[in-house]
Amino acid sequence: MIKNGLLVKGVGGLYSVQTDDALYTCTARGVFRNKKISPLAGDKVSILIEDEEKKTASIQTIEPRKNTLLRPAAANIDRVIVTMAAAQPDFNAGLLDRFLIIVARAGIEAVVCINKSDLLGPSVVDAPLFMPYKMAGYPVIFVSAKTEGGLAPLHAALAGKLTVFAGPSGVGKSSLINTLLPHAQQEVGEISTKLRRGKHTTRAATVNTVNANEDVSMTLAERLKNGYVVDTPGFSSLDIEQIPPRELGLYFKEFLPFIGLCKFTDCTHNIHDKTEHCAVKAQINKKIHKKRYDSYLKIMNHVV
Ligand code: GDP
Ligand code: ZN
C-alpha cells in the first residue's frame with residue numbers, strides 16, 4: 001500500500017514520515033542514493049508500507065521541491081522568521097538587512113521578529129530602529145522568550161507554514177523555539193529512540209508540528225494547518241558576495257515597485273545616478289526609508 005506523507009526527520013539513512021494516520025520509520029529506495037538525492041526534512045514523499053504493525057515503510061518518490069536549504073538541511077520552507085534581539089546583543093540593522101537579502105534570494109517569505117523586547121520595555125514597538133522594516137512592508141513581531149510576552153502573533157505566523165528561525169547567535173532563537181514548541185523536545189526524543197538502533201547519530205533537522213496538544217489522531221492536513229517548525233535555526237552563513245550588483249535591489253522588498261521605472265534598465269540606483277533618472281532614489285524618505293537605502297549602498301559597495 002502506498003501513502004503520501006511529510007518527511008519530518010532523517011537520521012542515518014532512516015526517515016520519519018508523517019502520513020494522515022501514523023508516523024512511519026522509512027528507508028529510502030536505492031534509486032535516490034544512485035541519483036545522489038537525499039530525502040530532506042520538509043520533503044513531500046510517497047511511501048510503500050512494509051509492515052503496518054511495526055509502522056515501517058520505504059520512500060518511493062519525492063515531490064519536486066519548492067526550495068532547498070543547506071543549513072538547516074530542509075526542503076519546502078514557506079517562511080523564515082528572521083530573529084534579532086532588541087538588545088544584548090545590540091540591534092544590528094545591517095545584519096538584519098543581510099539576512100533579509102538571503103531569505104529573499106532563496107525565494108522565501110520573511111517575518112522580522114524582535115526578541116528580548118523585555119529589555120527595552122513597552123516602548124519597543126514604536127522604537128525608530130524598527131521603523132524601516134515596517135515601512136518596507138515586513139511583518140514586525142515583538143516578543144520575549146523570557147517573559148513569553150507577544151508570543152500569540154508569532155504563534156499565529158506559524159500556522160499553515162513550514163517555518164525556519166534564522167538570525168545571529170545569541171538573539172534567542174533556541175529559547176523561542178523551545179517556548180513555542182514545548183512538546184517538540186519530547187517528540188524528537190521519541191522519534192530518535194526509535195531510529196537510533198544503537199549507533200551514533202548525527203544531528204539533522206527535524207520539523208515539529210506546531211501543536212501544543214499532541215494528539216495522535218490528528219491527520220496530516222490538520223497538522224499542516226497548525227504548521228511545522230524546523231527545530232534547528234538556519235542561515236548562519238551570510239555569504240552574499242556572489243550577488244551581482246544589478247540583482248541586489250530585487251532583494252529589497254520596498255524597492256521592487258520602483259525598480260522597473262528607472263530611466264535606464266541597467267540602473268543600480270547608485271549614489272552617482274541622477275535622482276530624476278532613478279525611480280528608487282526618488283522614493284527616498286517617501287516609500288523607501290533612508291536607512292534602508294544607505295544599507296543597500298553599503299552592501300552593494302561590498303558586493304561589487
Ligand atoms: P540563539 O543563539 O539565538 O539560539 O540564542 P539562545 O536561545 O541560546 O539565547 C541566548 C541568550 O539570551 C540566553 O542566555 C537566553 O537566556 C537569553 N534570552 C533568550 N531570550 C530572551 C529574552 O526574551 N529576553 C532576555 N532578557 N533574554 C533572553
Ligand atoms: Zn534606479
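Q: How many bridges join strand E8 to strand E9?
A: In this predicted model, strand E8 spans residues 79-85 and strand E9 spans residues 109-115, and the two run parallel. Strands here are DSSP runs of E with at least two residues, as helices are runs of H or I with at least four, both numbered from the N terminus, and two strands pair if DSSP finds at least two bridges between them. Within this pairing Ile 81 stands opposite Val 111 in E9. The number of bridges joining E8 to E9 is 7.

Q: Which strands are the edge strands of the open sheet?
A: The open sheet has 6 strands in the order E10-E9-E8-E11-E13-E12, with mixed pairing. An edge strand of this sheet pairs on one side only, and this holds for E10 (140-142) and E12 (207-209).

Q: At about what angle to E8 does helix H2 run?
A: Helix H2, residues 93-105, lies across E8, E9 and strand E11 (162-166), where contact means heavy atoms within 4.5 Å. Angles run from 0 to 180 degrees between N-to-C directions, with axes fitted to C-alpha atoms, for helices over the stretch in contact. Relative to E8, H2 runs at about 170 degrees.

Q: In which order do the strands of the barrel close?
A: The barrel is built of 5 strands with mixed pairing, and its neighbouring strands are turned by 55 degrees against each other on average, direction ignored. One of its pairings joins strand E1 (residues 2-11) to strand E4 (residues 44-51) in the antiparallel sense over 5 bridges, with Ile 2 opposite Leu 48 in E4. The barrel order is E1-E2-E3-E5-E4.

Q: Why does Arg 292 count as buried, and in which helix does Arg 292 lie?
A: Arg 292 counts as buried because its relative accessibility is 1%, where buried means under 20% relative accessible area, exposed over 50% and partly exposed in between, with a 1.4 Å probe and protein chains only. Leaving aside residues up to four places away in sequence, Arg 292 touches residues including Asp 97, Tyr 133, Phe 252 and Glu 254. The helix that holds Arg 292 spans residues 290-303 and is H10.

Q: What share of the residues of the protein count as buried?
A: Residues are numbered from 1 along each chain as written, while chains are lettered from A and ligands numbered from 1 in written order. Local features need pLDDT of at least 70 and side-chain atom pairs pLDDT 80 or more, whereas totals for chains, interfaces and linings use all residues, and side-chain values use heavy atoms, without hydrogens and water. The secondary structure comes to 10 helices and 13 strands. Of the 304 residues, the share that count as buried is 51%.
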